[in-house]
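I opened the model today to look up folds, packing and confidence. My entries follow in the order I made them.

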Amino acid sequence: MTQYREAYIMEVERFAIHDGPGIRSTVFLQGCPLRCPWCANPESQTQGPHLMYQARKCVRCLGCVQVCPIGAVTAFEGRPQFDRDRCIGCGTCKSVCPGGAISYIGSRMRTDAIVQILSRDAAYYRESGGGVTFSGGEPFVQFPVLYELLVLCRERGYHTAIETTGDTPWENMEKALPFVDLFLFDVKHWNAGWIDRVTGGNGERIQANFARLASLAADKITARIPVIPGYNYTEDDLRRIFALIASCGVKRADLLPYHTLGVDKYSELGRKYSLRSVKMLSKKELSGYRDMGREYGLQVEI
Amino acid sequence: MADKTDILKATTNVEILPKLPIDKTPEEQLEIMEEYTRVHQATEDEPKEIREVKCLRVLYPRMFRSIDDRDLIAGRYDALPIGFGCVTSVGGVGHYCIFNKLETFREGLDEEQKGRVDALAAYWERRDTKAQFVNAYMDGVIMNAFSNASYACPVAAGIRLSGMMLDYNKLVAKGIDGLRQEIRFRDDGDGNPFYRGCLMALDLFADCCDYLAKEAEKRAEGAAPRRRKELLRMADSLRRIKKEPPQTFHEAVQLVWLYALLAGVINYGRLDDVLGEFLQRDLEEGLLTRQEAKDIIKSLWLLIENKRTTVNGRVIIGGRGRKNPEAADIFGRLCLEVCRECRYVEPQFTLRLYEDTPPDMFDMAMQCLAEGATYPTLYNDAAHIPGLMHCMRVSEQAAEQYAPFGCGEMNLVGLTIGTPNSIINLTKTLNIALNEGVDPYDGLYKAGPVKLKKLEDIRTYEEFYEEQYGKLHDYYVDLCVEAQCNSYKLLNQNVSFLFNSMLMADCLEKGKALLDGGIRYLGGCCETYGNINCSDSLYAIKKLVFDQRKYTLRQINDALLADFQGYEAMRRDMLDCEKYGNDQDEVDEIAVECYNRVSQRVRRIGIEKGLHYYGIVIINNEANTKWGLKTSASADGRKNLVYLNPSNNPQGGADKNGPTAMLNSLVKLPVKWHVGAVQNIKFQKSFFMENIELMKSLFRTYFKNGGCQLMVTVVDSGALEDAMVHPEKYPDLIVRVSGFSAVFVNLRKETQQELLSRTLYDAV
């Protein structure tokens, strides 16, 4: 009998239509080697259940304080305070919360159960030219699980895409390559040192992987550039990023305008968001870069 | 306890917009109603057919409204509080008196006139069709006749002949004289009053043509040249169709419209099949330009809109079983253009999709929807035809003639009576069963002879489902079937619906009126409400009481009786239970089980009681809301007196896995057990527009998966602001956030605000 592995996932999102072509399902895997300050999915960075507390739904009954079996919830000025380092993710507090203010993100699910969910929309993938996307976090962090899922999807004939930071040993990428139809590969900056410094990732490895993957399968890659004011939102930076992408033979790039929609999640996780003063970008503001991309032979989407 | 006859004073049908004011003086209206009443009284001993025509003669042509300056087709009619009809949407049913409308009418009169109205009311008190129905068959507690007041009951019934789909192909082929000939040919001279009545009805039709032709000619005098031409064409057409079959598109439209009007019919069926060849010929021969043809269709649209029947006015295009699909599609394409250009609430314009639907027509339909028209509603032949063959017990050829009417019930053109004359509230049924026979809504005992168990004596879920809910459910279903049969019996005692009978198989052949054994397939349907609240509640009970043993049945019932006050945590547990609409098999299977139980019993008992078929419909008008307001809290977490789930859809907000999951849940209900189940789906406008190709794929896949129907709402960005104030109205409004899509009202307020500002920013 086949042994299926267990994955740490955030969720399987169905009818995902912006993570690759057609109607897709996106599997959000937990774990990421990077810590980008603008990250919109902070709950994806580490594996395991993360307690989320929405203060606006809290009715201040403090039932959670009373029931926590390890005393990790205390009352402070009439509201609960959670010691997340001690939280064991048992869910007792959630079960007594009348307002639904407490939830957990992150659970373990076997790969066959994940594929079971994916299979339900197979007819929609076929009709629309869609498929399955693996996102994160960084999906390569759980490589054995990712590989298993890719093989299972290939067996079923689903188109597969991976959203990746590229920060993984090359062997993983090479092994995955035959089972992946599309890499949505992050290119956050042209300077490897900058990537090390700002995101905590391995800039050199990321750039080497990008180049190497492109040399084997450039047409399977769409570069994705998160455009973040104060980090890479200058014409010079973007030109250099375009040049880097084009030099590797990749033809498509998406610009992802900075947004603040993940900000609330930081407070719900009891964390601080460091980019609080940075303004969102609109698609319009970036529209000029479409033409600039063309100068480099890139087809740029926003 | 409400007196069961109070029901006669209550409003009956959905009326979102009031009718156009009657264009006759109150005195004249009163005189006509008095005349109608006199004739009705004087013909008491005559055959019902003769009485029917003589009464119609009082109303026609007198109650025609004058021709509107915009009309290219003649025929507007005002229904009085007393008169003759088929349905409650225009006047009433059979020989009727609508007491609440008569009372309103009375208010504006002088004392002498008031006395005359009172005399009329006294006469009709025992003669109005609905009054007879209520007095003979309604108990007033478990079942009452349809009205706002009947929603305290778990079941209700109506007496009406809704949704008739007449064989207009026969009408335009034969013409009025052709029908006369057929009647004379079939009448073997033994004085069958049905044939006599039919001939008299056709005479009346011809007189109406003359009357309207004269009016058109009179109006043509002194009219501007262009209008004069239009009015004279109207008069010419009327004089032609008075006797002969129509030769042109205009004549054919005029004939169908006027005949439907006199028949009291307000759903128009497969007009592309009837009118397409006339249109094609006129266009080819240069008798009409495309624009002129479109203007005629627009005029028809306006006439339908102005009737304001709210939940009717079906015009259907497309699908299998049309005699000349190419010609029909010429008409269909023009209709789609008119649909884009005229934003009316009626006609309920409907597109039947099948293997040969031209791609451009599907694209045009999607464009209409994207722009927020909400029309056409989409039907899938591949699902419906085999489904109806089974449920209605008819051949494939017959099932191909299906035509949705009203809110989504079905008839087969020229072949069936499928009127929905009973309705059942499954959530209320469950609540009464759970409360051991007493309706928590009003404290009245409503289990009749059914012996229900004490909750403490129930050991298993199966026992609860079969012995408690099931028994009560079956009892109510049987009452519904009985009421439907009784409505036919009573109608047949009083009326023949002659104009309907002449165009329905096999009335002329048999020499019998519709309900006198004439119609080929006497069917009908029962509307079911609260299906999903009921099944989600059963699932929660199964989980929390029998699987997890977290609560007892008694505790659940106590919480519901208290509307969850003091039981907030239990309510959260109920809300946390999985819900139908998320493509999760365990809970969806309970929905399928509930659906199978009600649909199969309705059908089986209906057939046992002598109907050719009896099916359920899962449709929606406002009954889910209004009935919900009289339905106590339910175990799915729904609070006391809150609207019920709409039609076949999850309770608002319960579907959280996106449209593919919702649509996958929908297709789990086997089509072969119903005669109409409608699905609502709603999208945010710019999202829909930007992703229209994906939307097409979404719908196509759903139909390939066996989905039978879709009603698509696309709302514009102004709706988002409203959604913040009234989130309960927008439970499934999908918006694009950024890198992900979400249901608007599920987003945090801050995110909503952010989206709002952004949308306005991008709006220009």
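**Sheet of chain A**

I began with a strand pair: β2 (residues 24-29) and β8 (residues 131-135) of chain A run parallel, joined over five bridges. Helices (H or I, at least four residues) and strands (E, at least two) are DSSP runs, numbered from the N terminus. Two strands pair if DSSP finds at least two bridges between them. Within this pair, S25(A) is opposite V132(A) of β8(A).

Helix α5 (residues 143-156) of chain A packs on the sheet and touches β1, β2, β8 and β9 (159-164) of chain A. I count two residues as in contact if their C-beta atoms, placed from the backbone, lie within 7 Å. The direction of α5 makes about 175 degrees with that of β8(A). Axes here are lines fitted to C-alpha atoms, for helices over the stretch in contact, and angles run from 0 to 180 degrees between N-to-C directions.

I then traced the whole sheet. It is open and has nine strands, in the order β7-β1-β2-β8-β9-β10-β11-β12-β13 (chain A), with mixed pairing. From one strand to the next, the twist averages 30 degrees.

**Model and numbering**

I noted that this is a predicted model, where local features need pLDDT of at least 70 and side-chain atom pairs count only at pLDDT 80 or more, while totals for chains, interfaces and linings use all residues. Residues are numbered from 1 along each chain as its sequence is written, and chains are lettered from A and ligands numbered from 1 in the order in which they are written.

The scores are ipTM 0.91 and pTM 0.92. For chain B the mean pLDDT (the predictor's confidence in each residue, from 0 to 100) is 92, and 93% of the residues reach 70 or more. Where pLDDT is low, the coordinates should not be read in detail.

**Where the chains touch**

How many residues of chain A are in contact with chain B? I found 20, and they meet 26 residues of chain B. On the chain A side, β1 and α4 (122-128) are the elements that give two or more residues. α4(A) gives the most, with four. By class, this side of chain A has nine nonpolar, six polar and five charged residues. Ala, Val, Leu, Ile, Met, Phe, Trp, Tyr, Cys and Pro count as nonpolar, Asp, Glu, Lys and Arg as charged, and the others, Gly among them, as polar.

**Chain B sheet**

Chain B has an open sheet of six strands with mixed pairing, ordered β3-β4-β11-β13-β14-β15. Its edge strands are β3 (143-145) and β15 (674-677). β11 (residues 420-425) and β13 (residues 525-529) of chain B pair in the parallel sense over five bridges. P420(B) has C525(B) in β13(B) as its bridge partner.

**Helix pairs in chain B**

α10 (residues 271-284) and α12 (residues 325-341) of chain B pack at about 95 degrees, with axes 7 Å apart. They are therefore roughly perpendicular. My cut-offs are under 35 degrees for roughly parallel, over 145 for roughly antiparallel, 65 to 115 for roughly perpendicular and the rest for oblique. Their contact has seven nonpolar, three polar and three charged residues.

α16 (residues 426-434) and α17 (residues 461-494) of chain B pack at about 130 degrees, with axes 9 Å apart. That makes α16(B) oblique to α17(B). T429(B), L430(B), I432(B) and A433(B) of α16(B) meet Q468(B), Y469(B), L472(B), H473(B) and Y476(B) of α17(B). This contact has six nonpolar, three polar and no charged residues.

Most residues other than glycine have a negative phi, and most peptide bonds are trans. F15(A), not a glycine, has a positive phi near 55 degrees. F15(A) sits in β1 (residues 6-16) of chain A. The bond from Y60(B) to P61(B) is cis, with omega near 0 degrees. P61(B) is in the loop between α2 (48-59) and β1 (82-85) of chain B. The bond from A505(B) to D506(B) is also cis, with omega near -5 degrees.
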